[in-house]
Amino acid sequence: MKATAEPKTKDHAALAGTFNKDEARVDWHDKTLWFVRQKRDKAAWQLPDWEHLRETASQIKHNVLSNLHHYLEAFEKQAQQNGVTVHWAADAEEHNRIVHSIIHKTGITRVVKSKSMLTEECHLNDYLAAQGIDVVDTDLGERIVQLAGEPPSHIVLPCIHWKKEEIGQLFHKHLGTPEGNSDPQFLAAAARVHLRERFMTSPIAITGVNFAIAETGEIVVCTNEGNADLGVQLADVHIACMGIEKIIPQRKHLGVFLRLLARSATGQPITTYSSHFRKPRPGQHMHIVLVDNGRSERLGSADFRSALKCIRCGACMNTCPVYRRSGGHSYHYAIAGPIGSILAPGLDMKKNADLPFASTLCGSCSNVCPVKIDIHDQLYKWRQVLAKNGYVSETKKTGMKGMAFVLSSPGLYRFSGAVGRWFTRYLPFAVNNSLNPWYKQREMPQAPKESFGEWYRKNKKKS
Amino acid sequence: MSSREQILATIKKNQPPLVSLPEISQNTMSGLPDERVSKFAAVLEAIGGQVVPVDSWGAIATYVSKQFPLPARTINLVEELANDHPLAVLEKDPHQLESVTLALLKGHFAVAENGAVWITETHLGDRALPFICEHLALIVHANTIVPTMHDAYERIAAGRPYDFGTFIAGPSKTADIEQSLVLGAHGAKTLTLFLLSGASDA
């Protein structure tokens, strides 16, 4: 099963180009995500202290980043006192090895896993599959993309790019549902039966972590489906995997974050289940794997450290005009959209050099972010870093230099404007052709006869 | 150097100067008790729960007998209902709970702003129970409803420590297929909330 991201072959623009070939589908994708964004707005506007909450959450996260060393040590100590085994992984590879060694010791090969973006980041499924471990993703959307051999295209809505007819076809093939049945109610019921059998027979459950509390050593996992809990409560071994930035100082801070998380993600007042795991149940073994994978290095960067405040709600994706029209897979990284585009280059600048350019810098992502990450500023700053390090293509560089040259000379600017207007009016095919990337999926407005400057000079003389 | 030491050393070197923690304050709604109850009921209904206002334990027992007649397998863990629905003794293996039609449990308190009910292992019997049962019924005293999650965590801090606790807000659900809401994903397909007026002992 190839459940995680493929090695990158094309850049964002090329992958978006493929997605954009089916215009009706792009419109549908765009509208579906905008609908989720609108639900978020309605939920947010019902709380008079929404902006105050965002500010408080942001400040708590800044405190966490400035005191992470202490909080991690405190969390570890508390968790150990609670009877939990705590592991530390420097990178994805070590994380995967630790998880596998825990599973290997039990001799069990059937594992259920609830949603965890960290395990996607580490490509855990691929690693375990290669070791002969059968991992089933139990979130419905994740199960759908897993059956299809794809990575999720959205961190909260993993199969947002799939139509129900296609899911019906997929279930017909893998779960034996009747051909042609694409009723969501029916398909979800079929998945419930299919996955219930896995819950009943998997003695190991892997989960992600939404929040880990330094004060008490407990972790909180939020789901709507109940899949994390069904997995864990029926398993003998619970393995929870988390990035080190998931720590919050005190339990009372959950009041802030749980008010923000679901409202930002889907517009719900809270997820159906917000489970607080402090101690394993008698006889059960609980492991927490703390993963660095580049986070401690990023902490040292004043420009980019605040990306570590992210609580993975997905609001920045739902609002992003580029994400909505290019699809999650065009980002070729476990976390798509604006937040993914500022996280990915930190891990591999060369491989992800295209992502900070997959943005209009409109700033909508920063405006909806529940922890106030300056996402669009960081996208802009990454572009500077990438250019300095030689990761920007020659065409883009030449274009930018040409533009800088023209814009710095008023005479040349006026002349170029006149030439451009003349061509778009009389010889549009000279610019509107496949050699000009600006015309891809775009129609330009009719050019006016004269520029504003020309018009102004003429009319000023008259008065 | 172990990964632990290495990670902690890098963090120590890289973390910025200490930024102080903010005070948590709210101005959402403290609300009169009546407003909290109506808000809670409205929110829970909106997220797919069914709210049944009752004024006695007897009314709950009657409702359950009518809605879940035998041979439904009901697990009752509420002493006040033991006359009509015998208290269940749970097997050690949670897998045995797979055939449970209805689980009848007491919540500690509920939250008006989001329809969530807080419940810990003292009221759960088995941690798997509220997730594996087909239908879940929770009983909450109307006078235990707090306005917001901030109030909820104040109440939790003042209560007995727990090993496992969860907020449950409505039935299990998914919208993963084209954003169509389907109730009953993996957990309980329905949530009935008995809103009990009268003195609290939960």
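B:Val111 stands opposite B:Val146 in strand S7 of chain B, where strands are DSSP runs of E with at least two residues, helices are DSSP runs of H or I with at least four, and both are numbered from the N terminus. The model is predicted: local features need pLDDT of at least 70, side-chain atom pairs count only at pLDDT 80 or more, and totals for chains, interfaces and linings use all residues. Residues are numbered from 1 along each chain as its sequence is written, while chains are lettered from A and ligands numbered from 1 in the order in which they are written.

**The sheet**

- Strand S4 (residues 109-111) of chain B runs parallel to S7(B), and two bridges join them; two strands pair if DSSP finds at least two bridges between them.
- Both strands belong to an open sheet of eight strands with mixed pairing, in the order S8(A)-S5(A)-S6(A)-S9(A)-S8(B)-S5(B)-S4(B)-S7(B).
- Strand S8 (247-248) of chain A and strand S7 (145-146) of chain B stand at the edges with a single partner strand each, so one side of each is left without a neighbour in the sheet.
- Strands of a sheet pair through backbone hydrogen bonds, either parallel or antiparallel.

**Strand S8 of chain B**

- Five of the five residues of strand S8 (residues 164-168) of chain B are buried, so this strand is largely enclosed by the rest of the structure; a residue is buried if 20 or more other C-beta atoms lie within 10 Å of its own, exposed if 12 or fewer, and partly exposed in between, with C-beta atoms placed from the backbone.
- On one side of S8(B) are B:Phe164, B:Thr166 and B:Ile168, and on the other are B:Gly165 and B:Phe167.
- Five bridges pair S8(B) in the antiparallel sense with strand S9 (residues 273-277) of chain A, and A:Phe277 stands opposite B:Phe164.
- Strand S5 (residues 117-120) of chain B also pairs with S8(B) in the antiparallel sense, over four bridges, with B:Thr166 as the bridge partner of B:Ile119.

- The buried residues of H3(A) include A:Leu53, A:Ile60 and A:Val64, and their cover includes helix H4 (68-81), S8 and H12 of chain A.

**Contact between the chains**

- 61 residues of chain B are in contact with 70 residues of chain A.
- H1(B) supplies the largest share of the side of chain B that touches chain A, with nine residues.
- That side of chain B divides into 29 nonpolar, 23 polar and nine charged residues; Ala, Val, Leu, Ile, Met, Phe, Trp, Tyr, Cys and Pro count as nonpolar, Asp, Glu, Lys and Arg as charged, and the others, Gly among them, as polar.

Definitions and conventions
Contact = placed C-beta atoms within 7 Å.
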